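Please walk me through this structure.

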Amino acid sequence: MKNLISILTASVLLLCCTGNTIHFGSSDEIPANTVLLLELNKGVSQQQLSEACNFLKENFPALKIVKGGKVQLPSSCYNGKRYRADSILRYLDQIKPDSVSKVIGITSSDISSTRTLIRKGKKMTYPDYGILGLGRRPGTVCVVSNHRMGGNAATFSKTVLHEFMHTLGVRHCTHEKCIMQDGNGSGKNMRESTHVHEECLAIAMEGLD
Ligand SMILES: [Zn+2]
Ligand SMILES: [Zn+2]
């Protein structure tokens, strides 16, 4: 594990050198608001990745975004059908380099969690429910999968922002078309969302370093 962490740190630093705007100081302090976008397994297309990156920057201009290399998820995150999102978050916790404040895992692999949803007025628990993303609230890690997005780059970018905002402490909201609405087990709200409304944005800003 130590090796992986140093590989990651090395790749972050490497990208910093070649990525022309990001520089880390030599102090031990965690650089404020530095986010590592880490591709998991096969990752996503470079276009989706850069669109998501731009969308994060549009909404949070203070962020310093670093792209890492691809990381293979351990088999312990896989249940034979899908990658468990909660296991992925634990893994990201372990490999997060000290040089960044948050890690956003990005993948095209199918991810799932146990979800309790209201269906036809009844509470139903689904032990392996496919999801778009999961983020700790508040926390330092989140994960997004484009597996269930049918190649919709806008939905991908919005989901990245949604999960990232959870890490900044933002809860689900009921404001119409806000990207922080709960999907209630469907991608519809995310697809149809148009903006981050100001209350959610204000909470997120408080969560920044
Ligand atoms: Zn959410
Ligand atoms: Zn909102």
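In this predicted model, three strands form an open sheet in the order β3-β5-β6, and their pairing is mixed. The edges are β3, residues 83-84, and β6, residues 122-131. Each of these edge strands pairs on one side only. Strands of a sheet pair through backbone hydrogen bonds, and the pairing can be parallel or antiparallel. Here β3 and β5 run parallel, joined by 2 bridges. Strand β5 covers residues 111-119. R84 has its bridge partner in β5, namely S112.

Now turn to the helices. Helix α2 spans residues 46-59 and helix α4 spans residues 153-167. They pack with their axes 9 Å apart, at an angle of about 50 degrees. Angles of 35 degrees or less than that aside, the class follows from the value: α2 and α4 are therefore oblique to each other. The crossing of α2 past α4 is right-handed.

Which residues of α2 and α4 make the contact? From α2 come Q47, Q48, E51, A52, F55, L56 and N59. From α4 come A153, F156, S157, V160, L161 and F164. Sorted by class, this contact of α2 with α4 has 8 nonpolar residues, 4 polar and 1 charged.

Last comes confidence. The protein chain has a mean pLDDT of 88. Of its residues, 85% reach 70 or more. Residues 5-27 need separate mention: pLDDT stays under 50 over this stretch. For residues 5-27 the model has 28 contacts beyond four places in sequence.

Terms used: Residues numbered from 1 in each chain as written. Chains lettered and ligands numbered in written order. Predicted model: local features only at pLDDT ≥ 70, side-chain atom pairs only at ≥ 80, totals over all residues. Pairing = 2+ DSSP bridges. Helix = DSSP H or I, 4+ residues; strand = E, 2+ residues; numbered from the N terminus. Axes fitted to C-alpha atoms, helices over the stretch in contact; angles between N-to-C directions. Parallel < 35°, antiparallel > 145°, perpendicular 65-115°, else oblique. Left-handed = near helix turned anticlockwise from the far one by under 90°. Contact = placed C-beta atoms within 7 Å. Nonpolar A, V, L, I, M, F, W, Y, C, P; charged D, E, K, R; others polar. pLDDT = per-residue confidence, 0-100.
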